[in-house]
Amino acid sequence: MAGILDRTARRILGVLDREPRATTQYIAHELNLARGTVLAHLRRLIDAAELPPISTRIPGAWIGRPLRVFVLAEVDQSQFDGLVDELKQIPEIVECLAVSGASDLQLELAASDSDDVYRITQQIMSCRGIRRTASTFILRELIPRRMRQLL
């Protein structure tokens with residue numbers, strides 16, 4: 001299902017966004033669809049890995065890591081191979097994005113305090129090809145990540 005979602009998939013995701021624990025039967029009833037239609041769409045979404053794991057919605061504070069920190073990293077391109085595998089070994093990195101601009105990567109960290117951020121950034125600096133980093137602490141989430149308005 002890589003690509004654009006059809007109208008039915010968007011409607012199903014809209015219900016799941018409002019009611020994450022909705023059953024297939026509930027969704028079918030809400031949207032006036034056959035249960036089999038809902039099941040088929042959900043299977044396609046799940047099989048295509050379009051739906052992220054539920055753990056991505058858990059706030060860091062719930063697991064003792066209330067600080068969110070974005071780290072921009074500049075990478076020596078000749079050493080890029082294998083770098084992502086090294087970064088995956090640092091559990092506090094909850095997301096890694098390739099970005100354009102002066103930096104090459106944007107990492108999001110979940111940390112317990114500023115000393116923890118220091119420790120994690122030192123681990124990042126020890127990874128192959130990392131030249132320098134710059135950290136930005138998230139003070140407050142003003143508009144949480146959202147997609148519902150686009151469905």
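Tutor: Happy to! The protein chain has a radius of gyration of 19 Å, whereas a compact globule of 151 residues would have one near 15 Å; this radius is taken over C-alpha atoms, and the globule rule is 2.2 Å times the number of residues to the power 0.38. Please keep in mind that this is a predicted model, in which local features need pLDDT of at least 70 and side-chain atom pairs count only at pLDDT 80 or more, while totals for chains, interfaces and linings use all residues. Residues are numbered from 1 along each chain as its sequence is written, and side-chain values use heavy atoms, with hydrogens and water left out.

The C-alpha trace spans about 55 × 35 × 25 Å along its principal axes. The chain holds 5 helices and 4 strands, in the order α-α-α-β-α-β-β-α-β from the N terminus; these are DSSP runs, with helices (H or I) of at least four residues and strands (E) of at least two, numbered from the N terminus.

Now to your pocket. The largest pocket has a volume of about 2100 Å³, the volume being the space filled by probe spheres set on grid points that are joined across faces, edges and corners. A pocket here is an open set of points on a 1 Å grid over the protein atoms alone, where a 1.4 Å probe fits, with protein on both sides within 12 Å along at least five of seven lines; lining residues have an atom within 4 Å of a point. Its lining counts 49 residues, and Pro52, Pro53, Thr56, Arg57 and Arg145 lie nearest the centre. Elements that give two or more residues to this lining are helices H1 (7–18), H2 (24–31) and H3 (35–47), together with strands E1 (67–75), E2 (93–98) and E3 (105–111). H1 provides the largest share, 4 residues. By class, the lining has 29 nonpolar, 7 polar and 13 charged residues, where Ala, Val, Leu, Ile, Met, Phe, Trp, Tyr, Cys and Pro count as nonpolar, Asp, Glu, Lys and Arg as charged, and the others, Gly among them, as polar.

Helix H2 also contains Thr24. Thr24 counts as buried because its relative accessibility is 17%, and buried means under 20% relative accessible area (1.4 Å probe, protein chains only). Leaving aside residues up to four places away in sequence, Thr24 touches Arg35, Val38, Leu39 and Leu42, a contact being heavy atoms within 4.5 Å.

Notes
Buried means under 20% relative accessible area, exposed over 50%, partly exposed in between (1.4 Å probe, protein chains only).
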